[in-house]
Amino acid sequence: MRVISDSFNIVGRPHLARATELAIHGGLRTTCPNPLVGCVIVKNGTIVGEGWHEYAGGPHAEVMALSMAGEKAQGATAYVTLEPCNHHGKTGPCTQAIIAAGIKRVVIGEKDPNPKAGGGAQVLRDAGIEVEFVEDPKPFHELTRGWKTRLMTGKPYVRVKLGVSLDGALSLKPGMRTSITGASGEEITHRLREYADAVLITSATAQAENPSLTLCGINNELFENQPKRVVLVRSHIPEPDLRVFTSEGGETIILAPDNLDYDFEGYNARVVYYPAEDALEGALNKLGNLGFNSILVEPGQRLFTELVNGRLIDELVTVAAGGFMGHDSYCCYHGISSIQDNGSEEFVMQHLLVPFDTKIYGDVVATMWRPREYRER
């Protein structure tokens, strides 16, 4: 999801832009393991129906829009962000609902890559309905990127957020909570959490910073639908009285290796185990198995290094503040780099990520980076 510049701002056709907006603001954090989808029905130039997929097992976007349109759907045009499904799952095929409603034309943003549900366009054409795919589907990829990543890899789309100083430091020293990006950085963090099915930190970060990992709006009011909170446990066991376990917010999941000899009884959390031999990739696969399409990782140095070395980052958002952590030779304080030293005397910079978007928030700069291969998608 392009979270710095909203996806609907880069969709050329107004009705599809509206459908994209509906998909984003109607289904965030509630549709997984399904994708975000929006639909608008237009007749004689006027919108007569709108809908979005709100939650897994609930009506799809097309059905909601058709319900709103009623008899006005007869002879109308449906604009939908994703190819209508053509299979029986928890709900019936959207193709049959569109045919039954008498829709005359369907304009689609993106083809459905799921072999179990795809082929809806041809079914509609066979029923005499005019079907058009837009020339550029890239803006709609932003809606389904997490869902498609999970379908193809078994892992959720991994978005990583780093708050850094201009000299690339994460904190002043190990185990110390250091406010680098301030209020502007907090605004970005909450914006990123808004687009995540789950937020992941390690138990070490939970202990050092004691965050609640909640999603808040104006006046720190909690959003009704919270992302799940995930605490990744390796060797460090978190204390049960940390805010991530005791504060109001989304469900908390302890994600632990299956060889860990520790009883989490008394923790206000659901404990899920992943294969220890698969390490971090196994933990991410487990989150994919749980149905999460997109996660936000707020890492410390060790976890970020593992993510980089494992090529496990789908998107990195750096939030840079205009200051330097530096080094204090008297107190032995020094900025903690985002990447652990690999011990090599020679360092060759590898351009693994390329910038996709950037924006100034107050006194910080947020930049979105993706792996170079995304440039071709």
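Modeller: Helices here are DSSP runs of H or I with at least four residues, strands are runs of E with at least two, and both are numbered from the N terminus. This is a predicted model. By that count the protein has 10 helices and 18 strands.

Biologist: How much of the protein is buried?
Modeller: Buried residues are 50% of the 377 residues.

Biologist: And what share of the contacts between residues at least 6 apart in sequence join residues at least 24 apart?
Modeller: That share is 68%.

Biologist: Next topic. How many cavities of 30 Å³ or more does a search of the whole structure find?
Modeller: The search finds 1.

Biologist: Which residues are closest to its centre?
Modeller: Leu36, Leu143, Asp197, Asn293 and Ser294, out of 22 residues that line the cavity.

Biologist: Which elements give two or more residues to the lining?
Modeller: Helix H5 (138-153) and strand S6 (157-164) do. The largest share comes from H5, with 6 residues.

Biologist: What is the lining like by class?
Modeller: It has 10 nonpolar, 7 polar and 5 charged residues.

Biologist: Back to H5, then. Why is H5 said to be largely enclosed by the rest of the structure?
Modeller: Because 12 of its 16 residues are buried, where buried means under 20% relative accessible area. The buried ones include Leu143, Thr144 and Trp147, and charged side chains such as Glu142, Arg145, Lys148 and Arg150 are on that list too.

Biologist: What covers the buried residues of H5?
Modeller: The cover includes helices H1 and H9 (279-289), along with strands S3 (77-82), S4 (105-110), S6 and S18 (364-371). S6 also contributes to the cavity lining.

Biologist: Where does H5 bend, and by how much?
Modeller: At threonine 144, by about 65°. Threonine 144 is one of the buried residues of H5.

Biologist: What happens just after H5?
Modeller: Glycine 154 sits there and takes a positive phi of about 85°.

Biologist: What does the side chain of threonine 30 reach?
Modeller: The backbone oxygen of glycine 27, at 3.2 Å.

Biologist: And which residues does threonine 30 touch, not counting those up to four places away in sequence?
Modeller: Threonine 30 touches Glu54, Tyr55, Ala56 and Asn225.

Notes:
Residues numbered from 1 in each chain as written. Predicted model: local features only at pLDDT ≥ 70, side-chain atom pairs only at ≥ 80, totals over all residues. Heavy atoms only, no water. 1 Å grid on protein atoms, 1.4 Å probe; cavity = no way out; pocket = protein on both sides within 12 Å on 5 of 7 lines; lining within 4 Å. Points joined across faces, edges and corners; volume = space filled by probe spheres on them. Polar contact = N/O pair within 3.5 Å; in protein donor to acceptor, adjacent residues only side chain to side chain. Contact = heavy atoms within 4.5 Å. Bend = angle between axes of the 7 residues up to and from the residue. Buried < 20%, exposed > 50% of the residue type's maximum accessible area, 1.4 Å probe, protein only.
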